[in-house]
Number of protein chains: 2
Amino acid sequence: MPVHTDDPFLRACRRQPSSRVPVWFMRQAGRSLPEYRAIRGVGSILDVIRQPDLAAEITLQPVRRYGVDAAILYSDIVVPVEAVGFGVDVVPGVGPVVREPFAGKADLGRLRTLEPEADIPYVLEAVHLVTAELDVPLIGFAGAPFTVASYLIEGGPSRTYARTKALMHADPSTWTALLDVLADMALASLRAQVAAGASAVQLFDSWAGALAPDDYAALVLPASRRIFAGLEDLGVPRIHFGVGTGELLGLMSDAGPDVVGVDWRVPLDVARTRIKPTQAVQGNLDPALCFAPWEVLESATRQVLAQGAGPGHVFNLGHGVMPDTDPGLLERVVEVVHAAPGPVDAPPIGDG
Amino acid sequence: MPVHTDDPFLRACRRQPSSRVPVWFMRQAGRSLPEYRAIRGVGSILDVIRQPDLAAEITLQPVRRYGVDAAILYSDIVVPVEAVGFGVDVVPGVGPVVREPFAGKADLGRLRTLEPEADIPYVLEAVHLVTAELDVPLIGFAGAPFTVASYLIEGGPSRTYARTKALMHADPSTWTALLDVLADMALASLRAQVAAGASAVQLFDSWAGALAPDDYAALVLPASRRIFAGLEDLGVPRIHFGVGTGELLGLMSDAGPDVVGVDWRVPLDVARTRIKPTQAVQGNLDPALCFAPWEVLESATRQVLAQGAGPGHVFNLGHGVMPDTDPGLLERVVEVVHAAPGPVDAPPIGDG
């Protein structure tokens, strides 16, 4: 792998000084890029993911266009559960849809250990293809147990997560067993992605912000913590992210990532006070500001840089790139971030 | 009006000791009640609201069933803008839908000052009918300028509020003018509801939690503050609520309500540290827990009582009653809340 130890993204994840603030964008690959729309074809994203050459090309497109400091594999958090036959599709404009939602203990039998080489060879092949061409780190990813469980139980996107919350409280032993098997799957998938060449990983607990802190701590945190612990020996940076998780940042930092992703609701300097001093922050430009005039976007970009200032800031959006985003604006955001001075070590003492 | 000055709800709003913790539920009237479904008929909620006798009866139903300590008028936050002819409907299962969304300065001409007696006489008549029968306070309500504006601009419910954020940043003078006229409308509506008999008001900024704190402070707070200031002379408790507003509680308390509503993401004892010591809290049981076993709901109810303990706690859900909720469970929640001891004054000093 051609990724160097002085890579700005990896150094920022480890809170080391670097020549510049690294930047990448969640959902940088995909629908907002004309070059993606030109090659994607029809069908579900799951069909695309099963074609490693196509998934690899889509992964590389935003790196070429934007000059971002990391690639993230073009994939989906439901790939592992779909691969073991749970019956999930991803409907354009809707999201994951589960034909027979998880309703109780008996449905545990529909899940099993993930064997990445056998179950998701196309994902690993895409990682191989991408990393052979890439000169910045590739981020592998997985869905965190809570968020994947919420799709399996709700049957699709939800605003309330009522079924998920009902099951976790009504049958905590089944809930715990479900999160354990999903944690095992995420861990197996992430380890395999790293073995195939990924230089970092991100665990998406996108919808954990729906939970009360006590429920997160008792019923979600243990499974997420086990994933991060199970990655420790690999020595790659581990990122953790969810939307609307301001109240959970401390608990998500307890789960053990190296980097905590933050959405735009919490200024990064405030976020730093809620996580461990050894952890970096990632974020947090509001992706909706890409529809405001450039001057507003530029000013907000500079504000994120100022609030994130210091070692251990990976610049990103506070959520994924929205489909109608003008890629030209994100190019300019990258320019602004890259023109800013990188974080340096504390100045030597006693130079006065 | 038969509401007494020792009313537990009004006393809690004012942080005065009372015989019990008062309780009501957002969306306590409506779809979850069989007696509502029996009389509602077909058509939009706006058609129902235009029939004062029907709206009054629907408002009274949950008071009879639950024995809650306050009624809230059966109405909708888009009633004023619809009444001045903006062209809004409320589609069952979807929410407010605007036929021609607000797109820019020219659309300001489609809004005007609300004349409650002429524009929404049916609302005021419903208030009269309800308060003639009611022996607990009636809460009048309005939508806060940001949340109403978001419907007008997005054209319907949104997950991203991208158009709203784009407009507020791209054309702040039009945005400010829009929020000003919506603030005037909310204020006129609330003052008229109080004049007609409402004993308290709630301003719903349901979706303000989508905003970064700086944007809220600069572009939303001033209009909301003007509404609360404009109600001060009436002497009725003013409640302010939004979902997912943990990061905004301090700013929403700056807007000047007497009571700050909190969702389940922030424990009430934590919420109290973010608002003024003169303000009461309202909340914050997760409405999704109504789908968990009773033991879970009971335990969560007691936890809310414990975390909210002290003068100035109005028990409520952290968001509205969900449509499929079993009303029998909410009856039991009321029993648990009413069986708990009310907050008392600090004990006299020197009794040891």
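The model is a predicted one, in which local features need pLDDT of at least 70 and side-chain atom pairs count only at pLDDT 80 or more, while totals for chains, interfaces and linings use all residues. Residues are numbered from 1 along each chain as its sequence is written, chains are lettered from A in the order in which they are written, and side-chain values use heavy atoms, with hydrogens and water left out.

Helix α9 of chain A, residues 162-170, is mostly covered, since seven of its nine residues are buried (under 20% relative accessible area, with a 1.4 Å probe and protein chains only); helices here are DSSP runs of H or I with at least four residues, numbered from the N terminus. Among these buried residues are Leu167(A) and Met168(A), and the buried set packs against α8, α10 and α11 of chain A together with α15 of chain B, where contact means heavy atoms within 4.5 Å.

In helix α12 of chain A, the buried residues are Leu221(A), Ala223(A), Ser224(A), Ile227(A) and Phe228(A). Seen down the axis of α12(A), they fall within an arc of 165 degrees, so they line one face of the helix; the arc is that of the directions from the helix axis to the C-beta atoms.

Turning to the interface, 33 residues of chain A are in contact with 33 residues of chain B. Between the two chains there are four salt bridges (a side-chain nitrogen of Lys or Arg within 4 Å of a carboxyl oxygen of Asp or Glu), and Asp286(A) forms a salt bridge with Lys165(B), their closest N and O atoms being 2.7 Å apart.

Methods
Buried < 20%, exposed > 50% of the residue type's maximum accessible area, 1.4 Å probe, protein only. Helix = DSSP H or I, 4+ residues; strand = E, 2+ residues; numbered from the N terminus.
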